[in-house]
Amino acid sequence: MIETYAKPLDFHIQKSISGKIKIKSKDPSQSYVKITLLSLLALTVLGFATFDYKGIDIIKALGETLVNIKTMFLEASLTHFTIYDAIKQVGITMSLSFLTTLIGGVIALFLSLFAAKNLSTLRASNIIKAIVVFIRAIPTVLWVLIFAVTVGLGSEAAVIGMVFHTVGYLIKAYSEAFEELDEGIIEALKASGASWWQIVFQAVLPSSMSYIIVWTFMRFEINFTNAVAMGAAAGAGGIGFELFMASNFYYNVREVGFIAISILVCAILLEIFSTKIKNKYLR
């Protein structure tokens, strides 16, 4: 007969004057968390106290900021282009995000088969994953600016840079989905004489298709926000470029508000559609 002993819980029970029981954990990690939070709070207070405000009246600045926000969102209007032009620019931004997601998804799907440890060799998987980590470590805007050196600022550099980062993101997502496949299924197909491509098309892809769809659409949402930023940073056009012009050249707060609202509406619609896809395929 084997006897097992449970380790006693490390906590202290106190009874307060009001009669309520207080449980205090003696776990040292709780103390470390509290010390870290208090240190961050102290550094934040110190930062605000020692910051050089250049003679700006903070109270007055906060009031003017609230007025600008009110003007931006409650009095939003267009001056330098029409609503039709705004819809067209949003369409351009959507097209950029769709194109980069489509190209990046196809490339990532192929490479993720060799990145999955249960479908490839350990060496090939580690090499691909190491490259992917390097790609993801560099922000999308930097990849766009790197490629802009060769192809110039514009939609070409934006598409190439966004595709590059999309591939790195989706390889990780797809390969992890493939690695969750039951090893017994793969071994059974190998025992029956199935080739590597037959295993991929008859077992791996059908079993992981729901995750592939969800991860791809999630990356499409990310690419939409990236396309907005690239419109301003890389001159890729779209609603992001109009936002850049309205805020930095025209100084039109009302126009900035209208563009921000249109971007927010698109983001909400994408999120609603994404939620429906997740509820449909991930059950």
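Biologist: How does helix 3 pass helix 6, left-handed or right-handed?
Modeller: In this predicted model, helix 3 passes helix 6 in a right-handed crossing. Right-handed means the near helix is turned clockwise from the far one by less than a right angle, left-handed anticlockwise. Helices are DSSP runs (H or I, at least four residues), numbered from the N terminus.

Biologist: At what angle do the axes cross?
Modeller: Roughly 40°, and the axes come within 6 Å. Axes are lines fitted to C-alpha atoms over the stretch in contact, with angles from 0 to 180 degrees between N-to-C directions. That makes helix 3 oblique to helix 6. Under 35 degrees is roughly parallel, over 145 roughly antiparallel, 65 to 115 roughly perpendicular, and the rest oblique.

Biologist: Which salt bridges are there?
Modeller: The structure holds 3 (a Lys or Arg side-chain nitrogen within 4 Å of an Asp or Glu carboxyl oxygen). One of them pairs Arg-254 with Glu-75, closest N and O atoms 2.9 Å apart. Arg-254 is in helix 10 (residues 253-281), Glu-75 in the loop between helix 2 (58-74) and helix 3, and they are 179 residues apart.

Biologist: And Lys-129, what is its partner?
Modeller: Glu-179, with the closest N and O atoms 2.7 Å apart. Lys-129 lies in helix 4 and Glu-179 in helix 6, so the pair ties together parts 50 residues apart in sequence. Lys-129 is partly exposed at 25% relative accessible area. Buried is under 20%, exposed over 50%, partly exposed in between (1.4 Å probe, protein chains only).

Biologist: What does Lys-172 bridge to?
Modeller: Glu-176, again with the closest N and O atoms 2.7 Å apart.

Biologist: Switching to Val-132. Buried or exposed?
Modeller: Buried, with a relative accessible area of 3%. Val-132 sits in helix 4 (residues 122-137). Beyond neighbours within four places in sequence, Val-132 contacts Gly-168, Ile-171 and Lys-172 (contact is heavy atoms within 4.5 Å).

Biologist: Where is Thr-140?
Modeller: In helix 5 (residues 140-151). Thr-140 counts as buried at 9% relative accessibility.

Biologist: Which cut-offs apply to a predicted model?
Modeller: Local features need pLDDT of at least 70 and side-chain atom pairs 80 or more, while totals for chains, interfaces and linings use all residues. Residues are numbered from 1 along each chain as its sequence is written, and side-chain values use heavy atoms, leaving out hydrogens and water.

Key:
Helices (H or I, at least four residues) and strands (E, at least two) are DSSP runs, numbered from the N terminus.
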